[in-house]
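I opened this notebook to keep track of what I looked up, step by step, for a reader who is new to the structure.

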Amino acid sequence: MLEKIIKIENIKQWQHKGGLSQGFDKLNLIYGRNGSGKSTLSKIFTFINENNKAAIEALKPLESDGITALSLRIGGANVTLNSLQTPFNFQVFNQEFIDSNLYIPNAKDRSQLTNYYEFSLGKVSVLKEQEIDALKAEIDTINSQLSPIDTRLTTKFPSKTVAKIRDIKATPNADAEIANLEAQILDLKIAEHYKSRKNLTPLTLTKPDLDINFFKVSIESLSKEAKEKVELHITNNLKERDVKWIETGTQLINESDNCPFCAQPLANSQIFLLYQDFISDSYNKASDKFERDSKQFESEVNAISSKIEDLEAIVKFNNEITNTWSDRIQGFALEYDFKYLNSLSTSIGLECVNLIKEKKKDLLLETDLSKFNQLLGKLFDGVDFSAYNRQVEEFNEQVTKFLNELATGSSQALQAKIDGIEETKKRFETSVINDLDNHKSLSDDKKDKTKKVKKLKKEIDIEQESSIKEHKDSINQLLKNFHSMIRIKELDKDNKGKGGSTRLKYVITFIDKELSVENVDDNKHIFEHVLSLGDRSALALAFFLSKFAKTNCDNSIVVLDDPMSSLDNYRKDATIFEIEKLINNAYQTIVFSHDPFFLSEIQKYSILSQHTKCFEISVSYKKSDPLNADSSQYISSRMIERSNYDSLVLHSYHKEYNKLYEFVADAKDESKIEVARSIRPILEAHLRFLYPRDFNDGVWLGNMITMIRDETDQSSHFFDKHNQISQLTKINEFSKGFHHADGFDTKIQSLDLQTVQSYAQETLQFVTGL
């Protein structure tokens with residue numbers, strides 16, 4: 001067991017240099033305010049378990065130049081910084097235990113509870129745990145060495161993993177191959193340039209299919225139409241009249257008034273008049289039709305001239321193309337004289353205009369198209385582009401031959417090959433070879449260490465598996481004793497934690513609802529959203545205490561650092577009961593707390609109080625320059641003995657009463673000023689206890705005396721039935737002069753010891769009724 005703290009120096013605020021006459025017992029209660037050094041002491045116990053001298057030395061305060069020292073008496077042997085080994089094992093419950101084993105501050109990472117074997121419920125080899133920690137530290141170091149190598153390789157080979165980089169093969173004659181590929185790319189660029197040039201266009205002129213039938217307008221066609229109309233009219237209206245004229249003069253009519261064939265007068269012939277009307281109408285229609293057809297004909301004839309102009313443009317464009325190709329193809333002078341064609345085209349156009357003009361004068365005039373047809377024949381039958389087109393064909397063949405001799409392929413594909421060869425060159429640079437060799441060596445080392453960690457964890461997990469299941473009922477019983485609504489429903493272990501680490505998979509019920517941390521996507525309640533801090537502390541404390549349900553057989557020393565955080569009073573009582581069970585099971589127990597009431601209750605409750613020792617962590621604060629508000633302040637803590645915690649838990653009223661009582665019994669001059677100042681507060685407190693609803697914090701002793709003195713109603717609780725107001729007034733008159741006086745007040749300096757003793761006695765008599 002831990003027998004004594006001999007020395008703790010320069011470890012955080014601790015400056016304990018002995019001075020304890022009593023040693024530790026089975027149950028040891030240590031009171032300390034927040035920041036006094038309780039957590040530091042529990043860390044020291046943990047580091048002793050781990051034989052971690054460096055961690056203890058790391059707790060040296062910045063403000064101290066002294067040497068870190070540690071000396072504890074454990075199991076009859078001294079434990080020091082240079083000799084931390086001990087057969088005793090400190091089992092520490094503190095906030096770190098809760099955070100590491102239960103509480104998950106980040107809901108996004110709820111799938112990983114920190115390795116539960118750290119609080120395992122069976123015998124877990126400390127050496128294995130220390131070996132795992134050492135291996136993890138070495139793996140972290142390897143990762144820090146691998147990181148810059150990965151960065152360098154990723155920068156040089158952005159799209160490849162280290163394994164793919166290692167698989168890259170060398171390219172023989174890489175520089176020559178790159179030069180060859182670059183030349184091919186240049187050729188392809190040249191080829192694209194030439195392929196953008198155009199070929200020559202041959203000349204061709206097709207004879208149009210001109211319709212000349214619209215020139216054939218005759219009297220026969222007009223009179224035939226007129227005769228049909230006249231006969232229809234006679235049939236319907238004139239019957240037999242002028243039959244003879246019809247028979248002899250239906251074909252011709254001259255300009256005289258007589259028929260040119262039978263000399264019959266025409267002026268009075270209704271038949272002639274009909275013919276005249278109908279022929280005039282037909283003529284007009286024929287004239288309109290000729291006008292339309294002639295315009296279309298003239299447009300088609302003019303198009304011949306436009307086609308010749310297009311051919312001239314082709315020849316001109318062909319000349320530009322031959323000039324473009326002159327750097328590669330020479331010996332071609334493609335020209336064609338269009339003067340003759342243009343002359344014929346002009347003549348044809350003029351003849352077309354004359355024919356139409358003459359026909360318009362007299363539609364019945366027969367049109368002579370021989371000249372027009374002759375000109376048209378000369379133009380289309382006599383044109384010959386064969387010599388020109390042979391040159392065009394020959395030129396185009398040479399262009400095709402030249403283009404076929406140029407490079408083929410894809411610039412992108414060739415560039416990709418170049419990039420690949422450049423990559424092979426980088427792969428075999430000295431720096432890359434060294435990085436790959438170092439990466440392999442470090443990765444193999446990391447893989448080997450990771451396997452060892454998994455093997456050790458598996459060995460530890462085997463021990464825990466049975467231990468956790470064995471203590472499940474014990475844990476639930478503790479939770480029941482705490483009046484907690486939490487119960488463990490299922491316990492299992494897997495290796496699905498972060499990085500493949502061991503995780504305790506479990507399901508907890510809270511008010512009959514399942515809480516899980518196993519799956520982010522589950523619809524189950526997530527316990528960090530439901531459980532209060534008190535519930536979590538109770539659950540963690542139950543986990544911790546469950547392994548001590550049986551008699552201590554492995555020299556465990558149980559350390560509870562502020563186990564009451566966030567627990568209600570009922571759970572405090574249940575915890576005190578569990579602490580007593582620890583003592584009964586032969587576990588030396590150390591309880592740290594900043595709550596003196598809790599420690600006092602433990603001391604009074606325990607049936608083993610004769611084996612309980614009380615201590616306090618005494619803290620002093622020293623400023624390097626008392627007059628400078630910003631000067632450095634040094635905290636110094638040491639352990640002192642206490643018989644109990646009454647001085648910390650008694651109400652201030654009781655403290656002041658005991659102070660007056662002790663002074664009346666044994667008056668000392670150095671206490672008279674403090675006692676004189678205490679008289680008025682204890683009188684005010686006494687009256688506040690008597691009349692809590694009448695005398696609140698805003699009513700002072702003078703006001704209280706006035707209210708009691710002025711009360712005349714004998715049934716009132718204020719009425720002075722025992723005539724004590726005069727004594728109270730007398731005491732008040734004495735005490736009010738000292739209540740706010742400072743040490744230099746003349747009244748304070750001239751204060752008589754016996755006078756103070758007398759008034760203190762009267763005050764005791766007043767408040768006790770004696």
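The entries below go through the model topic by topic.

**Ground rules**

I note that this is a predicted model, in which local features need pLDDT of at least 70 and side-chain atom pairs count only at pLDDT 80 or more, while totals for chains, interfaces and linings use all residues. Residues are numbered from 1 along each chain as its sequence is written, and side-chain values use heavy atoms, with hydrogens and water left out.

**Entry: the start of the chain**

I looked up Leu 2 and found it in strand 1, which covers residues 2–11; for such elements I rely on DSSP runs numbered from the N terminus, with helices being H or I of at least four residues and strands being E of at least two. Leu 2 is buried, with a relative accessible area of 0%, where buried means under 20%, exposed over 50% and partly exposed in between, with a 1.4 Å probe and protein chains only. I also checked Leu 2 against Phe 88: their C-alpha atoms are separated by 8.5 Å, although the two residues are 86 residues apart along the chain.

**Entry: salt bridges**

I took a salt bridge to be a side-chain nitrogen of Lys or Arg within 4 Å of a carboxyl oxygen of Asp or Glu, and the structure holds 25 of them.

The pair I looked up next was Lys 425 with Asp 175, whose closest N and O atoms are 2.8 Å apart. This pair links distant parts of the chain, since Lys 425 belongs to helix 13 (residues 411–427) and Asp 175 to helix 6, 250 residues apart. Lys 425 counts as partly exposed at 35% relative accessibility, whereas Asp 175 is exposed at 53%.

I then turned to Glu 351 and Lys 371, which form a salt bridge with their closest N and O atoms 3.8 Å apart. Glu 351 lies in helix 10 (residues 339–361) and Lys 371 in helix 11 (residues 370–382), so the pair ties together parts that are 20 residues apart in sequence. Glu 351 is buried, with a relative accessible area of 10%, while Lys 371 is partly exposed at 46%. Elsewhere, salt bridges that share partners join Lys 7, Glu 9 and Lys 17 into one network.

**Entry: aromatic rings**

Which kind of pair do Phe 214 and Phe 297 form? I first noted that the structure holds 21 aromatic pairs, counting rings of Phe, Tyr and Trp (its six-membered ring) whose centres lie within 6.5 Å, with planes under 30 degrees apart taken as stacked, over 60 as edge-to-face and the rest as tilted. Phe 214 and Phe 297 form a tilted pair, with 5.4 Å from centre to centre and 55° between the planes. The pair links distant parts of the chain: Phe 214 sits in the loop between helix 6 (174–195) and helix 7 (219–236), and Phe 297 in helix 9 (residues 270–324), 83 residues apart. Phe 214 counts as buried at 10% relative accessibility, and Phe 297 is buried as well, with a relative accessible area of 2%. I also recorded one aromatic cluster, formed by Phe 214, Phe 215, Phe 290, Phe 297 and Phe 372.

**Entry: two asparagines with positive phi**

Asn 51 has a positive phi of about 55° although it is not a glycine; I found Asn 51 in the loop between helix 1 (38–49) and helix 2 (53–57), where it counts as partly exposed at 37% relative accessibility. Asn 173 has a positive phi of about 50° and is not a glycine either; it is found in the loop between helix 5 (162–166) and helix 6, and it is exposed, with a relative accessible area of 64%.

**Entry: a contact to revisit**
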